[in-house]
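This report is meant for a reader who is meeting the structure for the first time. Please look through the sequence and the model before reading on.

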Amino acid sequence: MTFAVTVGGRSVECDQDQALLDACLRAGVWMPNSCNQGTCGTCKLHVVSGEVDHGSSPVETLSDEERCAGMALACQARPRGDVELRPQGTSAARTANPLRDMVATVREISDIARDTRRILLGLNEPLTFDAGQYVELVVPGSGERRQYSLANTADEDKELELHVKLVPGGVATHGWLFDGLAAGDEVDISGPLGDFHLPPESEDDGGPMVLIGGGTGLAPLVGIVRTALRRHPEREVVLYHGVRGEDELYDGDRLTELAGQYPNFRFVPVLSHEPADGYREGFPTDAFVEDVSTARGWTGWLCGPPAMVEAGVKAFKRRRMAPRNIHREKFTPADA
Amino acid sequence: MTTTERPDLSWLDEVTMADLERNPYATYERLRAEAPLAYVPVLGSYVASTEEVCREIATSPDFEAVITPAGGRTFGHPAVIGVNGDVHADLRTMIEPALQPAEVDRWIDDLVRPIARRYLEQFENDGQAELVAQFCEPVSVRSLGDLLGLQDVESDKLREWFAKLNRSFTNAAMTSDGEFANPEGFVEGDEAKAEIRSIVDPLIDEWIEQPDDSAISHWLHDGMPPGQTRDREYIYPTIYVYLLGAMQEPGHGMASTLVGLFSRPEQLEEVVDDPTLVPRAIAEGVRWTSPIWSATARISTKPVTVAGVDLPEGTAVMMSYGSANHDTGRYEAPTTYDLHRPPLPHLAFGAGNHACAGIYFANHTMRIALEELFEAIPNLERDTREGVEFWGWGFRGPTSLHATWEV
C-alpha cells in the first residue's frame, strides 16, 4: 500500500514500509539527511498533517516531546496515510542526486593494509553523486545493509572505490567482504546518501581546508581532496591520516604524488600506538593543533571513529574554526 | 479570605533596596511561598511575585498600566509603559511599525551583524575580554542607536545614559509617608536627561525640517497631518524608555545567557556547534535572569480581589517578572540554567497589551550577536580567575563577564 508524501509543494509516493526520506530521495526531492541510522537528527522534520509510524527512531534523537509536537525522523518514519512534511529551518532548494538501487559487479579486491581492503565495484550505468557521499551494500542472505563511503571523484562514476576495514565477527566484513567475495560477484547497492561533501563549485571559494581521516575514514577524504584541489589548484589543504601503526597506512603513494602536483597540499600520516621511523606520532587531531596556529576561515572535514571525530571538532574550535564550517561524516560503522 | 488570615509578613519590614538589588531571589522566593501578592514596605507598593498572579494582573480587564513612582519621576509623562487608552494606542502606533517582525526581518541582519563583527575585531585576537563592556552592551546600544538615528552618539555615551537612567528609575525606596527615601538618587538621571536633550533636541530640529528613515524621525512625522509633527515633549518620555530599557536589556540578556551557558559547559558546546540553538539558549537565558526583573506596574481600575487579597480601586502592583520566571509551580529547579528545559512561555517580555513592543527586535539582536561571537571565538571559556556578580532589582544582569580563549 502506498501513500502520498508532500513536501515543499512536491508529492511523492511512499510505500507503507518505506522510510519517508528514502521515498523523497528516490524521487529526486532533496531534504537534509546524513547518517540514515536515526542517530544524527539531521533529517528531523515537521509532520504538518497526517500520521507517521516512528519505527525505530531512538528517543535520544527524537524525544517524546518532539513526537508530541509533530516532529519525526525522515530516515526512520513510515507513513500511516497521506502526510505533509515541512523540513526544519530553511529548505533551500537543492539539486538531489537521486537515490537508486543498482546491481554492481566486483571488479577488483585488493588487500591494501592490515585488515583493510580496497573493493572496486563496476556499474552498468553511471551514478550521479558528490565526492564524499556513501552507498549502502546489501549483505547477501541477511538483508542487512552496511554503509561505505566512496573514495571517488564525481566523474569516476562507473567504478566505485570502497575502503573496507575488517570487523571481527562482523556479518558484512568477516562473513562476506573478507570471506568469499570474489571478482565477478554481483552486489546489490543503493546510493548515493549523506551530506558529507563539498559545496557546489559555484559556492566553493577555494578557502583553506583541513581533513582528518581515521583508518578507512580516509576514503571519502580521498574523493573530496582531489575534487577540492582540481577546483582550486592553489588552495591550502592539509590531510591527516590517523592509524594505530604503519601497517594500517595505505594510499600513501597516491597522496604523496598528489602533494607533488599541488604545492599547497600536504599529506600527513600519523601513528597513534606503534611508532615508526619517519612518521608523526600521536593522534592526528593533536598533530593538527601542533601544525596550524589558526584555522579562522578554514573548513574542516572529519571521518573516522566517533572519539576521533569528537576530538577533531574540539581541535578545530580550539584553533577557532567557525563551527558551521566543520563537516563530519555522521554514520558510524556497525558493530560485529 | 481576609487579610487577617494572611501569614505574618513583618519580615518584609527588614528588606532594604540594597538587599533587593544585590539579590532579590531569596525575598521573592519567600513572597511566592507565603504571599504571592503582598505589600512590600520598602517599595511602598504591592508586589506580584508568582507566574500566575503576574499573568492574571497583566492581562486583567480590571487593571491598567501605571509607571512606578521612581520610573515616573525619571521619565515624566506620557511614557509608553505607563499610559493607557488613546495616548497608549497612539504611542504604540508610533513605535510599532519599525518593530514589526516583517519589518525587522528586512534590515536586522544588515544592521546588527556588521556591528557585532566590528566589536569582535577589536578583541578577538586578544585571548581575553570583559564581554559585558566590550561586546554585549556595545552591540546592544550601537544597533538600537543607529536604528533610532543616534549614529553620532558614541556607544560609551549611550551606555553611560542607560546606566544613569537605570539607577534613577529603580531608586524605588519609599518612606512610610509615601515620599522618596533617596531623592538625591534622581540627580544623575536628571543630569543624563539634560545631556540627552542637549544632543537630541538639535537632531529633532533637523528631523522636523528634513525627515529621514531613522526611528525618531518617523515618530515625529508618522500619522501626522502634513506640515505637523508630534510635540517633542510628548515623545521624550518614550525616548527615555528606549534609552534605558531598550538600550540596556539586550545586553543584559546576552550576558545572562552567556553566564548561564558557562554554567553548563556541555550546553555551551552544543550551542556553539549548532547555532540554530542560539534562540533557545537566549529564551532560557532571559527566563533564568530576566533583564526586566521588576520594572513595570499595573493599577486597579476598580475594587478587585487577587490571590485572596482585596485591593481598592487605584492600587498599584509591581510586576516581578524575574520572580515569576523562577516560580517552582511552573519550572523545575528554576535557579538552574537549562537549555533543554521544556520551552514553556515565560514572562521576561511581560504580558497583556503592555507586553514589550521590542521583543522581536531584541531577540534577533541578541541572536545575531551571539552567533557572531561563537563563530569568531568557538573556544570561548569563562575566565574563572574572575567572579561573576549580578546586580539589580528593577533591571538585572551580570555587571561583568570575563572570558578567555586560546589564540
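In this predicted model, residues 96-199 of chain A form a span whose end C-alpha atoms lie 13 Å apart, and which is 5% helix and 44% strand. An unreviewed UniProt entry places the feature "domain: FAD-binding FR-type" at these residues of chain A.

The cysteines can be taken next.

| Residue | Relative accessibility | Class |
|---|---|---|
| Cys40(A) | 27% | partly exposed |
| Cys68(A) | 73% | exposed |

The remaining values concern the place where the two chains meet. The contact takes 12 residues from chain A and 14 residues from chain B, and the two chains bury about 1200 Å² between them, with 37% of that area on carbon and sulfur atoms. Of the area that chain A buries against chain B, 49% is supplied by Lys317(A), Arg320(A) and Pro323(A), more than by any other three residues.

Between chain A and chain B the count is 8 salt bridges, and one of them joins the side chains of Lys314(A) and Glu269(B), at 3.2 Å from N to O. Helix H7 of chain A, residues 306-318, gives the largest share of the side of chain A that touches chain B, namely 4 residues. Across this interface there are also 12 residue pairs in polar contact, with both residues at pLDDT 80 or more.

Conventions. Residues are numbered from 1 along each chain as its sequence is written. Chains are lettered from A and ligands numbered from 1 in the order in which they are written. This is a predicted model: local features need pLDDT of at least 70, side-chain atom pairs count only at pLDDT 80 or more; totals for chains, interfaces and linings use all residues. Side-chain values use heavy atoms; hydrogens and water are left out. UniProt positions are given in the numbering used here, feature names are shortened, and annotations may be inferred rather than shown by experiment. Helices (H or I, at least four residues) and strands (E, at least two) are DSSP runs, numbered from the N terminus. Buried means under 20% relative accessible area, exposed over 50%, partly exposed in between (1.4 Å probe, protein chains only). Contact means heavy atoms within 4.5 Å. Buried area is the accessible area (1.4 Å probe) that two parts lose on being put together, summed over both. A salt bridge is a side-chain nitrogen of Lys or Arg within 4 Å of a carboxyl oxygen of Asp or Glu. A polar contact is a pair of N or O atoms within 3.5 Å; within protein, one must be able to donate a hydrogen and the other to accept it, and residues adjacent in sequence count only if both atoms are side-chain atoms.
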